[in-house]
Amino acid sequence: MIPIKSEEDLQMLKRSGRILSAVMRKIEKSVRPGLTTLDIDLLSEELILKENALPAFKGYKGFPATACISVNEEIVHGIPSPRVILEGDIVSIDLGVNLKGYFSDMAVTVPVGRVDENKKKLIEVTRNSLEAGIKQARPGNYLSDISHSIQSFVEEHGFSVVRNFVGHGIGKALHEEPEIPNFGAAHLGPLLKSGMVLAIEPMVNLGSWQCCIAGNGWTAVTRDGLASAHFEHTVAVTDKGPVILTE
Ligand code: MG
């Protein structure tokens, strides 16, 4: 069953999302060459705690940090470390907030200084594919209309969508039903209804979609070593259309 949120739930989720997007904006601005991924993580934790909220990922299935920070060929679930960020890198930052039991989830990919044209285009296409997916998040559409529009958009631009990780419902837990693949045919799966809240999160690769898991057991990396980007928003399906809660 896909949970339908009450008006009160939606208000709390909106508060959670607002905290998350404000934190993310600050983090995005702080990213620069010379910083370590651990620096970004510690700042994220500090900013979330300051808002009287909790980092949603820390301890989740044993994940050791506040943020997932994935650099270049890392797709998702990068573990913050003393790795130094360099000019020309692209850094995906995925953060979750738990405000009094109401969860929000968001990711962005940030270019560090000057990055090459391919990476720039990859970031742009991934961001816009999320937008294309969000547009489909309205009552009466099928769940896979989101998936299909993301995949079509990405492939039209010559990139590929990751198959091994998917978006998800979100609300009183970080991961709720349904799973939201970023690929597949349109007009399949459950019908979307007002009150559903979805974390839509395309992960897009410059080369092939195939990936493998790094030695730390967490981090997904592209098999061909080419770059990957990730954008995510928490979105409410409403009678007035999609409402982005993390904006
Ligand atoms: Mg997510």
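**Backbone geometry and the magnesium site**

Lys-61 is exposed, its relative accessible area being 69% (buried means under 20% relative accessible area, exposed over 50% and partly exposed in between, with a 1.4 Å probe and protein chains only). The model examined here is predicted, with local features requiring pLDDT of at least 70 and side-chain atom pairs counted only at pLDDT 80 or more, while totals for chains, interfaces and linings use all residues. Residues are numbered from 1 along each chain as its sequence is written, and side-chain values rest on heavy atoms, leaving out hydrogens and water.

Lys-61 also has a positive phi of about 50 degrees, although it is not a glycine. Its place is the loop between strand 1 (54-55) and strand 2 (67-71); helices (H or I, at least four residues) and strands (E, at least two) are DSSP runs numbered from the N terminus. With 56% relative accessibility, His-187 is exposed. Strand 8 (residues 176-180) contains Pro-178, and the peptide bond leading from Glu-177 to Pro-178 is cis, with omega near 0 degrees.

Turning to the strand pairing, strand 4 (residues 90-99) and strand 5 are antiparallel partners over 10 bridges, where pairing requires that DSSP finds at least two bridges between two strands. Within this pair, Ser-92 stands opposite Thr-109 of strand 5. The two strands form a hairpin with two residues between them, and Lys-100 in the turn has a positive phi of about 50 degrees. Strand 5 (residues 102-111) is mostly covered, nine of its 10 residues being buried.

A magnesium ion has as its protein donors Asp-105 (OD), His-168 (NE2), Glu-201 (OE) and Glu-232 (OE), at 2.2 to 2.3 Å. Donors are N, O and S atoms within 2.8 Å of the metal (3.2 Å for Na, K and Ca), and sites may look incomplete because water is not among the atoms. Along the sequence, the donor residues follow the spacing D-x62-H-x32-E-x30-E. Glu-201 belongs to the loop between strand 9 and strand 10 (203-205) and Glu-232 to the loop between strand 13 (228-230) and strand 14 (233-238), so this pair ties together parts that are 31 residues apart in sequence. Glu-201 is buried at a relative accessible area of 7%, and Glu-232 is buried at 0% relative accessibility.
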